Amino acid sequence: MSYLMSNYLPLDVTFIKGNGCYLTDDKGDQYLDALCGVGVTGLGHSHPEITKAIQSQAQQLLHTSNWYHIAHQETLAEVLCKLSNMDNAFFGNSGAEANEAAIKIARLHAQTNNIDSPIILTATQSFHGRTMATLSATGNPKVQAGFSPLLGEFIHVEFNNIKAIQQHKENNNIVAVMLEPIQGESGVIIPNDDYLNQVQEICQKNNWLLILDEVQTGIGRTGKMFAHQYNNITPDILTLAKGLGNGVPISACLAKGKAAKLLTPGTHGSTFGGNPLVCRTALTVLEVIKQDNILDNVNQMSDYISTGFTQALKNVKTVKEIRAKGLMIAIELDQDCSQLLQLALDNKLLINITGQSIRLLPPLILNKDQADTIIKTVCTLIKSL
Ligand SMILES: Cc1ncc(COP(=O)(O)O)c(C=O)c1O
């Protein structure tokens, strides 16, 4: 009997150790981790420099409170803002918490503009988190089931359909558009190249905030530090989590211009948010990404793995589409393939299945041999269907 609540249904394996792209279970078996704890451990497990930073910070100081200055937090805010062209940062502990901050900023933006019933446009099939506000923002009825009443302020529009946003232009209650640059949880859905540029144009014309949820796409996952940099745009609000801490819980809500000045003393906070331990770790993550040219590796491995899959699967009828941006990869099949999750585990490979798609979020430090193992194992599994 387990004393845990039943909201997860874990596979029957317990990992006790991690090293680079591999995990070891309690029986001593080794697995190739092509999921990274759902896009978190991009730099691999037990990265020596990150481990060293955590150890040294733990010896020095773990936590004070945001009632005092936290030097590493201020440095991290500066580094992230300079990387993203944003002005100010708020730190939380999870992606949902960063998005909550973004939603609260959108409400303050509404207040400043005398809008009493603010509405935020979000996309169908989006995922923004599990708190009540982010759950309401999420465009997936399955995630929302059982949790009514939801917050009424979200209108879900079709992703990658600019007209679906344009048709709300006359609605004076709209204050923001909130989107993932690439939808992750719904299976790596990549919009048209200029979609975000067009969304930004509409936002600017209408005084709507553009909120980009880069919780999954950020921190190098797509081959640029942030996915929206493919579009050469700067959002009003940018949220990050997952890869930022490589496994320690940290998230950030970054904002620019007027949106960056809306939170004032006492309006928002988080006890643990941005404590010395997590900020020092995140700073080390960003240093390693730069110093080891991790983005170059992501782009090389992305081309290698996409080409590998395309060639190996070209005559396989069950494969409908292969989608990849950086190391966010999905192979969509013509049928439900949930049984492949256990079969992959049996073959010592960690993957994710989203409906009819196999989703891979391998480590950003992946090498060719490991990419070959992923391609070979996944293709064998697909052909077994
Ligand atoms: C795009 C996106 N936003 C938000 C979240 C929620 O993050 P967390 O689980 O850290 O609250 C996720 C998690 O998968 C995500 O992919």
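This report walks through a predicted model, taking in a sheet, a ligand site, a pocket, a cavity and some backbone details.

## A four-stranded open sheet

Let's start with the sheet. Its four strands follow the order S1-S2-S3-S13, the sheet is open, and the pairing is mixed. At the edges are strand S1 (15–19) and strand S13 (349–350), each of which pairs on one side only.

Going along the order, S1 and strand S2 (residues 22–25) run antiparallel and are joined by four bridges. Lys17 has Thr24 in S2 as its bridge partner. S2 also runs antiparallel to S3, here with three bridges, and Leu23 stands opposite Tyr31 in S3. The parallel part of the sheet is found where strand S3 (residues 30–33) meets S13, with two bridges between them. There, Asp33 stands opposite Leu350 in S13.

Which residue in the turn between S1 and S2 has a positive phi? It is Gly20, with a phi of about 60°, in a hairpin that has two residues between its strands. The hairpin of S2 and S3 has four residues between the strands, and Gly28 takes a positive phi near 95° there.

## The ligand and its shell

Now to the ligand, which has 13 residues around it; Gly95, Ala96, Asp213, Gln216 and Lys242 come nearest. Helix H4 (residues 95–112) supplies the largest share of this shell, three residues. Sorted by class, the shell has three nonpolar, six polar and four charged residues.

How do the individual contacts look? A backbone N or O atom of Gly95 lies 2.8 Å from a ligand oxygen atom, and a polar side-chain atom of Lys242 is 3.1 Å from an oxygen atom of the ligand. The side chain of Asp213 places an N or O atom 2.7 Å from a nitrogen atom of the ligand. On its own the ligand has 390 Å² of accessible area, and the protein covers 82% of that.

## The second largest pocket

The second largest pocket holds about 830 Å³ of space. Its lining is made up of 31 residues, with Asn66, Gln73, Ala89, Phe90 and His268 lying nearest the centre. Helix H3 (71–84), strand S4 (88–92) and strand S10 (251–255) are the elements that give two or more residues to this lining.

Which element gives the most to the lining of this pocket? That is S4, with four residues.

Rolling a probe the size of a water molecule over the atoms shows where empty space is left. A search of the whole structure turns up one cavity of 30 Å³ or more. The largest cavity has about 60 Å³ of space.

By class, six of the residues lining the largest cavity are nonpolar, five are polar and one is charged.

Pro149 sits in the loop between helix H6 (141–144) and strand S6 (154–157).

Asn207 is a residue other than glycine with a positive phi, near 60°. Its place is in the loop that runs between helix H8 (195–206) and strand S8 (209–213). Strand S8 takes in residues 209–213, and Asp213 is among the residues that come nearest the ligand.

Note on methods. Residues are numbered from 1 along each chain as its sequence is written. This is a predicted model: local features need pLDDT of at least 70, side-chain atom pairs count only at pLDDT 80 or more; totals for chains, interfaces and linings use all residues. Side-chain values use heavy atoms; hydrogens and water are left out. On a 1 Å grid over the protein atoms alone, a cavity is a set of points where a 1.4 Å probe fits but cannot get out, and a pocket is an open set with protein on both sides within 12 Å along at least five of seven lines; lining residues have an atom within 4 Å of a point. Grid points are joined across faces, edges and corners, and a volume is the space filled by probe spheres set on the points. Two strands pair if DSSP finds at least two bridges between them. A residue is near a molecule or strand if one of its heavy atoms lies within 4 Å of it. A polar contact is a pair of N or O atoms within 3.5 Å; within protein, one must be able to donate a hydrogen and the other to accept it, and residues adjacent in sequence count only if both atoms are side-chain atoms. Accessible areas come from the Shrake-Rupley method with a 1.4 Å probe; for residues, only the protein chains shown count as cover. Ala, Val, Leu, Ile, Met, Phe, Trp, Tyr, Cys and Pro count as nonpolar, Asp, Glu, Lys and Arg as charged, and the others, Gly among them, as polar.
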